[in-house]
Amino acid sequence: MEFAKIFFPILPIDPNFQANRFPIAYNTLKVWKNASSTLGIYGTDVAVDFDSCIGDGACVEVCPVNVFDWYGCGADRKALPVRESDCIYCFGCEAVCPKFAIRVTKQQT
Ligand code: SF4
């Protein structure tokens, strides 16, 4: 097993990330950081923890409204929820993510 996986295991996204982290702006999205995050959580309503995302593309393939673009390439690619405002809250991306790296929050209207 890789050294990094022994000492820095991949964790699921923190469901309370908005309370436990602070946001910084990234284009039209927010990136939620804290002292232990390396990359951070990208997006708010459709939030992807880049420190957990393995870039397998399951969320990109399942999303019926094309919320995600790729950020980066190759082994380091991540699913960026660049069109999170288009989300129809099917929760498909949450369901298929093998690392539980995505949290979708339906806004109250
Ligand atoms: S909840 Fe459904 S519509 Fe929203 S980003 Fe995930 S897969 Fe796409």
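Here is a short tour of the structure, stop by stop.

**Before you click**

Residues are numbered from 1 along each chain, as its sequence is written. This is a predicted model, so local features need pLDDT of at least 70, side-chain atom pairs count only at pLDDT 80 or more, and totals for chains, interfaces and linings use all residues.

**The whole chain**

Start with everything shown as a cartoon. You'll find four helices and seven strands; these are DSSP runs numbered from the N terminus, with helices being H or I of at least four residues and strands being E of at least two. From the N terminus on, the order is α-α-β-β-β-β-α-β-β-α-β. Along its principal axes, the C-alpha trace spans about 45 × 30 × 25 Å.

Buried residues make up 31% of the 109 residues. Buried here means 20 or more other C-beta atoms within 10 Å of a residue's own, exposed means 12 or fewer, and partly exposed is in between, with C-beta atoms placed from the backbone.

**The sheet**

Next, select E1, E2, E3, E4 and E7. These five strands form an open sheet in that order, with antiparallel pairing. Strands E1 (22–26) and E7 (102–104) are the edges, each pairing on one side only. To count as paired, two strands need at least two bridges found by DSSP.

Zoom in on E1 and strand E2 (residues 29–33): they run antiparallel and are joined by five bridges. Pick Phe 22 and look across to E2, where its bridge partner is Lys 33.

**The ligand**

14 residues surround the ligand, and the closest are Cys 63, Val 67, Cys 87, Cys 90 and Cys 93. A residue is near a molecule if its C-beta atom, placed from the backbone, lies within 6 Å of it.

What is the make-up of this shell: nonpolar, polar or charged? The shell has 13 nonpolar residues, one polar and no charged. Nonpolar covers Ala, Val, Leu, Ile, Met, Phe, Trp, Tyr, Cys and Pro; Asp, Glu, Lys and Arg are charged, and the others, Gly among them, are polar.

**Last stop: Asp 86**

Select Asp 86, in the loop between strand E6 (78–80) and helix H4 (92–96). Asp 86 counts as partly exposed because it has 13 C-beta neighbours inside 10 Å. Leaving out residues up to four places away in sequence, Asp 86 touches Val 65 and Val 67; contact means C-beta atoms, placed from the backbone, within 7 Å. To finish, draw a C-alpha to C-alpha distance from Asp 86 to Ile 54: they are 23 Å apart in space and 32 residues apart in sequence.

Notes. Two residues are in contact if their C-beta atoms, placed from the backbone, lie within 7 Å.
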